[in-house]
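Thanks for coming. I will go through one structure and keep to two topics. Please look at the model while I talk.

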Amino acid sequence: MRIIRCIYKDAIYYGRIEDDLVVLSKDLPQIRIHDKKKRIDFDREEAKVPFSSVYLEAPCVPTKAVCVGLNYRDHAEEFGLKIPSSPVLFIKPSTTLLGPGKPIHYPRLSKQVDYEAELVVVIGKTAKNIDAKYALDYVLGYTCGNDVTARDLQPKDGQWTVAKSFDTFMPLGPWIETDLDPSSLKLKAYLNNEPKQVSSTSNLIFDVPSLIEYISQIMTLNPGDVIMTGTPSGVGPMQKGDSVCIEIEGIGRLENTIE
Ligand code: MG
């Protein structure tokens, strides 16, 4: 199932894509477990409208985005960095959220703004102290993300809040794909249609279930919260006027411009 969040006739909806139609709903769908099998249900479905009549927004509204610092073997090797023994975490505020097709704002304070292609896990059910064995039961699905980073500001503070937190620095989308095995997906970043990052989620140091187990021991993950799983090698700067695209196998393409 593909889940979107969209504007239709000046109102905001969630929806599921059915061929070239969208079944609209006011709420994020619920995860229910029946006979040990996960089911995703929209409880209040409304109109069925053409996909071409809706305007896509970011597919969920996280209360927090938990991001993983160094989580790709190829990225660590490229920079000669030690593989971390536990995930390096930071948070992006909800005000960084940006929908597909919308402009990333180049902040006045920075002189180097980088793209980072990332597989993004969308949580669908309140998760606290979850064993990795059951972690995927709490996942609504996956989307593409760009962990936009003001690279020149990253070393300045000794931690990453400033570099990662400018408004519009978290494009997500275009939708949430629910039927996907996250363990081996091709992931790419294009800058002005030129491939810059090419890797696979099979290079993740900490996989999706172990990230959920670790993070949910620290903080409760709410429905709609996201985990940005880290970026592979090949990060680089964007300029005003550029277009950037994050493509993940089985999900699709998230495109944004820089202004
Ligand atoms: Mg990142």
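**The metal site**

The magnesium ion is coordinated by three residues, Glu116 (OE), Glu118 (OE) and Asp147 (OD), at 2.0 to 2.1 Å. Keep in mind that this is a predicted model.

Along the chain, the donors of the magnesium ion follow the spacing E-x1-E-x28-D. Glutamate 116 and aspartate 147 are 31 residues apart, and the pair links distant parts of the chain. To find glutamate 116, go to the loop between strand S12 (113-115) and strand S13 (117-123). For aspartate 147, go to the loop between strand S14 (139-146) and strand S15 (149-150).

Are these two residues buried or exposed? Glutamate 116 has 6% relative accessibility, so it counts as buried. Aspartate 147 also counts as buried, because its relative accessibility is 0%. The cut-off for buried is under 20%.

**The cysteines**

Next topic. How many disulfides does a search of the whole structure find? The search finds 0.

Take cysteine 6, which is in no disulfide. Its nearest cysteine sulfur belongs to cysteine 60 and is 14 Å away. Cysteine 6 has a relative accessible area of 0%, so it is buried.

A disulfide needs the two sulfur atoms within 2.5 Å. Cysteine 67 is buried too, with a relative accessible area of 0%.

That is the end of my part.

Key. Residues numbered from 1 in each chain as written. Predicted model: local features only at pLDDT ≥ 70, side-chain atom pairs only at ≥ 80, totals over all residues. Heavy atoms only, no water. Donors = N, O, S within 2.8 Å, 3.2 Å for Na, K, Ca; no water. Helix = DSSP H or I, 4+ residues; strand = E, 2+ residues; numbered from the N terminus. Buried < 20%, exposed > 50% of the residue type's maximum accessible area, 1.4 Å probe, protein only.
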